[in-house]
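Have the 3D view open as you read.

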Amino acid sequence: MDGDVILGVEGLNLYDRAGNRLVRDVSIGLRAGETLGLVGESGSGKTLTLRSLVGLLPDGVREECAGRRDNPNCAMIFQNPMSALDPLCPVFRQLCEVIRIRQRTNPAKTKARATELLRRLSLPEELAVSDRLPGSLSGGQCQRVLIAMALSCNPEALLCDEPTTALDVTVQRQTLALIGELQRERGFAVLFVTHNLAVAAQVCRSLAVMRRGEIVERGPVRRLLTEPAHEYTKTLARAILPVSRREA
Amino acid sequence: MDAVLELRHVHAGYEDRPVLEDVSLVIPRHRVVGLVGESGSGKSTLARVAAGLLAPASGQVLLDGRPLSGRRDKAACRKIQMVFQNPEGSLNPRRRVGRALEEAMVFHGAAARGEAREKCLRLMERMELPADALDRLPRAFSGGQKQRVALARALAVEPELLIADEATSALDVSVQLKMLDLIRALRAERSLTILFISHDLGVIRYVCDEVVVMRAGRILEAQPAGDFFLRPQTEYGRQLLDSVPRIDF
């Protein structure tokens with residue numbers, strides 16, 4: 001794919017307070033419309049890398065970047081949708097707030113856009129006229145509200161941190177399909193962090209495998225899954241427990 | 001068929017919130033029964049009823065053909081052991097692993113005081129835990145090791161039925177695979193009977209002989225695993241199966 005890198009970092013190093021290196025020499029570059037999965041297990045540094053890209057590093061983590069970095073207009077969705085929403089503020093008001101601030105719209109237009117987004121994400125439209133709080137929505141619905149907020153920023157890149165890990169499989173399937181659809185529709189780039197190779201393969205064209213703060217292997221999804229070169233990629237690929245395809 | 005545990009028309013729940021509705025289930029001896037369902041389907045409530053931790057509002061729970069009383073007596077405790085998603089819940093943080101295991105063995109008569117230590121050592125070795133594991137506190141283990149310690153604690157009293165409630169769900173995928181391989185091997189060696197609860201159909205397929213699908217407090221279908229994965233009997237079973245992310249190349 002041609003074009004300039006719109007989201008990326010070169011030679012990223014992250015350290016904790018004691019000076020231990022958490023992420024070592026990580027380089028990532030995404031062009032418009034590209035999808036990259038960042039895969040690894042706990043402690044591999046994938047979430048820290050993502051957080052560094054949006055400038056949301058936890059307190060005490062120091063970063064050094066040897067090369068260039070490109071931060072486009074990007075939006076992020078998180079693993080636990082419930083905790084990413086204010087539990088005491090009606091869902092629709094939270095969505096409107098993001099639209100009003102990011103798009104500088106007047107109240108009438110804000111409401112119209114928010115309602116449009118509810119419809120696009122198959123969320124109940126009565127949310128627009130009720131004061132329902134996040135607690136009264138399901139996990140999948142909350143995640144769709146967050147995706148709606150992300151879209152309202154018209155992002156050039158969507159950063160996803162295990163967005164379906166806390167969801168039931170049937171809801172996970174819908175959510176992954178939705179992210180894919182929206183990505184094709186709007187052409188934003190996707191950086192998708194997950195521990196699950198099979199999930200990454202649903203959304204992404206290429207993958208980067210992280211272990212202990214380093215990228216150990218990267219390449220197209222198909223190549224990585226069929227002919228993994230690094231021992232750790234093989235371990236991850238083996239850990240996928242498949243289910244057979246049922247008879248039609 | 002020789003059933004270790006049987007639930008007959010069980011209704012159960014908490015205070016004013018009913019969860020299980022008319023649940024009947026047979027767990028045959030030496031079989032691994034997989035219980036699958038999404039959050040809120042009642043899987044864990046069923047596990048609590050099966051373990052005698054929650055008395056049913058109506059219906060019967062039979063252990064070896066005899067009614068299981070609502071309050072766990074000592075014999076039932078020994079016969080039914082559980083492993084949970086979070087191993088910390090079943091390990092006392094201030095007690096060395098060896099002492100916890102030996103005490104459980106002696107209390108339940110699974111070993112005489114003199115031979116308990118030796119038995120624990122062999123168990124640790126079988127769990128592929130380091131030799132000094134018995135002298136450590138639970139916090140000195142990684143997540144995967146801790147879960148193997150919890151499994152050792154459950155197996156130490158030689159139960160008739162092991163209930164594993166999302167026992168590998170919090171582990172990293174490669175660690176999960178190791179743990180599942182261990183469960184498969186132990187199951188063959190010790191002829192264990194297991195009620196294996198998971199939301200992950202890939203995991204269920206890897207370890208279970210039978211599949212029971214739950215939704216909204218009811219059992220929708222129950223059949224041998226081989227049949228379920230080819231021909232689920234219900235629309236919901238098909239939906240679950242089709243939702244698992246696949247890699248098709």
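In strand E3 of chain B, B:Val32, B:Gly34 and B:Val36 point one way, while B:Val33 and B:Leu35 point the other way, and all are buried. In a regular strand, side chains alternate between the two faces of the sheet. Keep in mind that you're looking at a predicted model. Because 5 of the 5 residues of E3(B) are buried, the strand is largely enclosed by the rest of the structure.

So who sits beside E3(B)? On the list of partners is strand E8 (residues 193-198) of chain B, joined in the parallel sense over 5 bridges. Look for B:Gly34 here: its bridge partner in E8(B) is B:Phe196. E9(B) also pairs with E3(B) in the parallel sense, over 4 bridges, and there B:Val36 has B:Val213 as its bridge partner.

Now zoom out to the sheet. What is the strand order? It runs E6-E7-E8-E3-E9-E10 in chain B, an open sheet of 6 strands with mixed pairing. At the edges you'll find strand E6 (80-83) and strand E10 (218-224) of chain B, each pairing on one side only. From one strand to the next, the twist averages 20 degrees.

| Strand pair | Sense | Bridges | A bridge pair |
|---|---|---|---|
| E3(B) and E8(B) | parallel | 5 bridges | B:Gly34 and B:Phe196 |
| E3(B) and E9(B) | parallel | 4 bridges | B:Val36 and B:Val213 |
| E6(B) and E7(B) | parallel | 4 bridges | B:Met82 and B:Ile163 |

Helix H9 (residues 235-243) of chain B lies across E3, E9 and E10 of chain B, at about 105 degrees to E9(B).

What about chain A? Chain A has 8 helices and 10 strands, and its C-alpha trace spans about 55 × 50 × 40 Å along the principal axes. With 248 residues, a compact globule would have a radius of gyration near 18 Å, and chain A's 19 Å agrees with that. Buried residues make up 44% of chain A.

Key
Residues numbered from 1 in each chain as written. Chains lettered and ligands numbered in written order. Predicted model: local features only at pLDDT ≥ 70, side-chain atom pairs only at ≥ 80, totals over all residues. Pairing = 2+ DSSP bridges. Helix = DSSP H or I, 4+ residues; strand = E, 2+ residues; numbered from the N terminus. Axes fitted to C-alpha atoms, helices over the stretch in contact; angles between N-to-C directions. Contact = placed C-beta atoms within 7 Å. Rg over C-alpha atoms; globule rule 2.2 N^0.38 Å. Buried ≥ 20, exposed ≤ 12 C-beta atoms within 10 Å, placed from the backbone.
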